[in-house]
Each structure stands twice: as C-alpha cells, then as structure tokens.
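Visitor: Please take a close look at one part of this structure, the nonpolar core, and then go on to what surrounds it.

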Amino acid sequence: MSRRGWRNRGWVLFFLLPSAIPLVLFTAVPMVSSLWVSLHRWNLISPMEWVGVDNYTHLLRDPATRDVFAHTLLYCAGYLPLVFAGGLGLALLLNQRMPGRAFFRAAYFLPVVTSWVVVALVWKWLLNPNSGLVNSLLGALGAPQPGWWTDPAWALPAVILASAWKDLGFVMVIMLAGLQAIPQDVLEAARTDGAGAWQRFWRVTLPLLSPSTFFVVVISLINGFQVFDQVYVMTGGGPSGSSQVVVGQIYDLTFRYGRAGEASALSWILFAVILLITAVQVRGQRRWVHYA
Amino acid sequence: MPSLRTVLRWTAVVAGAAVMLVPFLWTVITSITPNGSLAGGPTLVVKDPTLAAYRELLDALPMWRIALNSFWIAAASTLFQLVTGSMAAYGFARLAFRGKGLVFGLYLATLMVPMQVLVVPLFIEMKTLNLQDTYLSLLAPSIASAFGVFLLRQAVESLPRDLDEAATIDGAGHLRVFTTIVLPLIRPALATVAVFAFMGSWNSFLWPLVVIRSPELMTLPLGLSTLQGQFTTDWDVVMAGSVFSILPIAVVYLFAQRHIIAGIAHTGIK
C-alpha cells in the first residue's frame, strides 16, 4: 500500500475510533452476549446452563407474557391518542401571533425537561386516592373518585395520564414546527376557493402535517413499548400485576426472580415487536404521509 | 370588544397552562406544608409554611452530592458525545475508505437496540470488569451515541465541499479543516445533539437503578425513587425532593429554552 493510503487509513482510525470503541464495548458486545444469555438458564450467580430456545418457547406459552404485552399495548392505545390530540390542539392554539406566546410555549414544554421519576412521583401524589388534588376536585364536583394506583382497574390509566401530561409539550413542538412549514399561500388558495376553517383543517392542514404526525406516531410507539420508569415508580407493576409492562417484567425476571436467561429472551422478543411495528409503519406511510 | 373566537382561544390557552403548571405549584405547596396537615390534602394557602421537609430530605440522602453527580455526569456524557460524534461525522462525510457503507450501517443498527436489551448483559459486563457501583459504569453507555453521529453526519454532508477543498489547497490537514471550518459551521446540529445528550443523561433511570447501590453515587432520579417508603410515604419529603431536582433543570431551561425547543423541533422536520 502506498504511503498515502496508509496516511488515509490513519486518519480514518483517528476520526472513527473514539466512537467505535465505546459503541463496540457498550452496545455491540452486550447485544451479542444478550443473545447468548437468552439461550441459557441463569440466575446471575451459578454457572449458565444451555437450554437452547426453551426460554423463547416457554415465554411464548406463558400467560404472564401475554399479560405484560397486553398491558403495554393498552398503555400505547391510551397514551397515543391523548398525547397526539392534546399536542396538536396546543400547537394549533399557539400557531399565530399573540401576546405571551413564548411564555405559554415554555410552560407547555416544562414537563418535557422534567425527569420521568419526578413526573411519576408528582402524579402519584396528585392521584393519591385519599388526599390527592385530583380526587379532591372530583369530590367537590360530586364525581366518583377512582382509587387510581391502588385499584387494578385504574392503575394503568393513572400511568397513562401522567405520561401524556409529560409528553404533550414534546408533541406540540413537533407539530408547531410542522404547522409553520405549511406554505401560507396553500391555505390562502383554499380560502379563496371558499373552504371554511373546518374544511381547511381536515383537507389542507392535516394532510400537509402528515410527515410530523408520522414522526410523532413512530417515536411514541417506540417509546411506548419501552415504557418503564413511570410504571416502576407509580405502581411497581401492581396492584397484583395489573399494570406490569414488558420492560418491568424484564427487570423483575432478572433482578427479583434470578431468571436472567428468560429476561434476555423477553427483551429480544420486545425488540422484534418494536422493529416489526416500526417497519409496518414505514411501509404503510406511502398511503397517508404526503411530503410537500 | 373581543370576538367570541378570541375569548374561546384565550380560555383554552390559559386552561392548558393551568393543567401544565398547577402540578408544579402543587409540588411546591406540598413541600412546605407541615406533614401533619397533609392527610386531608394540602390547601392552596399554607397555614404554617415550614422547611422541615427539606431538612428531613437532606438528612435522608446526600442531596447536594446527588445533584452534583447528576450535573457532572450529564455534562461529561454531553461533552463525550459531541467529541466522539462530530469526529465520526467528519470521518463518514469527508473521508473515503472501503466498507464505509457497511460501518455506517452498523452504527445505525446500534441506534435501534433499546436499552432494555442491553441492560442485563451490560450489568454483567460491569460486574466482570469490577466496575459496578462506580461513576465509570454510570457514564460508560453514554460516551458515544449513534444518534449523535447520524445527526451530525447530516450536518457535515450539507456543507459545501468547496470550503474544505479550498482550505486543503492552502495546505490545511484534516485536523485543521475539522476544527476550524467544519465544527463552527455545524454549531446548530451540535446544539441539538447537546440537548438530547444532556436530557437523556439527566433523566436516565433504568441504567442507574441497575448499576448503582451507594447513595453517594446516585443521580437525582434514582435518589428520589428511593424516598418512597415500602408502606407509607412522607409526601412532603418526596415533594421537597422533587422541587430540589426540578429547580436546577428549570434554571437551565429558563436560559436555554429557545435552543432546547428549536433543537427538538429540528429533529422532527427531518
């Protein structure tokens, strides 16, 4: 190889190694070893025992797996419409000149920079069945007061409420950027053609917003399937497993039940599900996402 | 006389702000309400405001140290990701080498692996290296991020090549071109990566929860989560802890608000 070639190779290593080494050590190696662990029975202490794909077949037959996936799916089904409608609503409200706009935008966005643990604790307190603010207000209105995180039927809705509240501002910012990218003359043209505000929204704004919508849906579902922090803090998966989600199950299998092999297998099943859902959305986007 | 539309719009805007801000207000109020009077729920006007909960918080956990941990770990991982990410971005955008497409593809693949897949083996790796319950283990997974590399590569690709070719003709090497031409021009992208890196580290919970045991090494989310009792919870102390951990980030947010929001919006348009 010529001297020039070696010099070039030197530069390539110089620029790439600082990122390649940590990515190999702390992502690639754990990834491969996670596959390896998933083919064993292992409690993190005694030697690993090869079981082949038993962990996978066992998990797929275990009703607990079905439950945690059902809870995760329910979480997404409750969270996504709330956060999307709310975020879009806030974006539409702020998408025009008005005094105090910067203040309101900042206020709506504040929960986004707050950590999940804080949000979960604050909402656990707000939704305290006996002395929480929400139930006090509901009581004052004469409405029924749910037991929230102490009631198996209300634990997941409590988590959904807190999560949607935190992420509203994120969706708002994405949608606001999308709204501002819509050319004004298109809306103007629709107006001169006699389209009312309602028609303009459904026929012009919403279709032109579809790239932002697509981004929000993809990101929300990827994050939604990985939900953990707020569940761990608010309900710990309870009462009696009613709000246990997939990642919570992975954590418990590893660190509470000493079934690291099964936990690794479950994490790969989750990864496969996320990849599948994302791939389906990317393929399906041609039908409804319009890039200007 | 304002139109009905304006009135409705303002009602919605203010109601929205109330929904977003009242929980924060409630957190502050609870933290200064005497513990004994919390049972019936706190009231808007606190009768005997007290800082007792904050004193109790500081007795229960080394909060100053924990807040400092959160800060310097977030700052360090941000710095690491900016350096490693921008260097890799330059390599991918400006250097020619065999297998570049494949290597970049592998980088992107790591982007898709969720932390949950990595957490068990990463924990075992740290245990084997005898690094569990150390700062290093806390920092390790966030030294480089493929997301940062991806975003920064886009930014470098979009710079006109004439610029660095002119500099090369003037005798500047890769290092000079990188530091004096490329870096200053990709500042907006660097800011976006910095926002994501800092927030990611600041909010991270699962990994610290798995790898850290000693209170002196905890970060704010982990420290806070330990305040919940097994059976009863002192909500005034927990809310004091929440105020304690919201305040620093709220101050950062106040000053960097425009950049943070612009950074997030920027990723959505792509």
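Guide: The largest nonpolar core has 150 residues, and those with the most contacts inside it are A158(A) and V173(A). A nonpolar core here is a set of buried Ala, Val, Leu, Ile, Met, Phe, Trp, Tyr and Cys residues joined through C-beta atoms within 7 Å. A residue is buried if 20 or more other C-beta atoms lie within 10 Å of its own, exposed if 12 or fewer, and partly exposed in between, with C-beta atoms placed from the backbone. Helix α7 (residues 155-180) of chain A gives the most to this core, with 18 residues. Helices (H or I, at least four residues) and strands (E, at least two) are DSSP runs, numbered from the N terminus. Leaving out residues up to four places away in sequence, A158(A) touches L127(A), W148(A), W149(A) and M234(A); two residues are in contact if their C-beta atoms, placed from the backbone, lie within 7 Å.

All of this is read from a predicted model, in which local features need pLDDT of at least 70, side-chain atom pairs count only at pLDDT 80 or more, and totals for chains, interfaces and linings use all residues. Residues are numbered from 1 along each chain as its sequence is written, while chains are lettered from A and ligands numbered from 1 in the order in which they are written.

Next, the contact between the chains. In chain A, 67 residues are in contact with 67 residues of chain B. Helix α1 (residues 3-37) of chain A gives the most to the side that touches chain B, with 18 residues. That side has 49 nonpolar, 16 polar and two charged residues. Here Ala, Val, Leu, Ile, Met, Phe, Trp, Tyr, Cys and Pro count as nonpolar, Asp, Glu, Lys and Arg as charged, and the others, Gly among them, as polar.

Chain B itself has 13 helices and zero strands. Of its 270 residues, 42% are buried. Its C-alpha trace spans about 75 × 70 × 30 Å along the principal axes. Among contacts in chain B between residues at least 6 apart in sequence, 76% join residues at least 24 apart.

S201(B) lies in helix α10 (residues 187-203) of chain B, and S201(B) counts as buried because it has 25 C-beta neighbours inside 10 Å. Residues up to four places away in sequence aside, S201(B) touches I73(B), A74(B), S77(B) and S142(B). The C-alpha atoms of S201(B) and P221(B), 20 residues apart along the chain, are separated by 10 Å.
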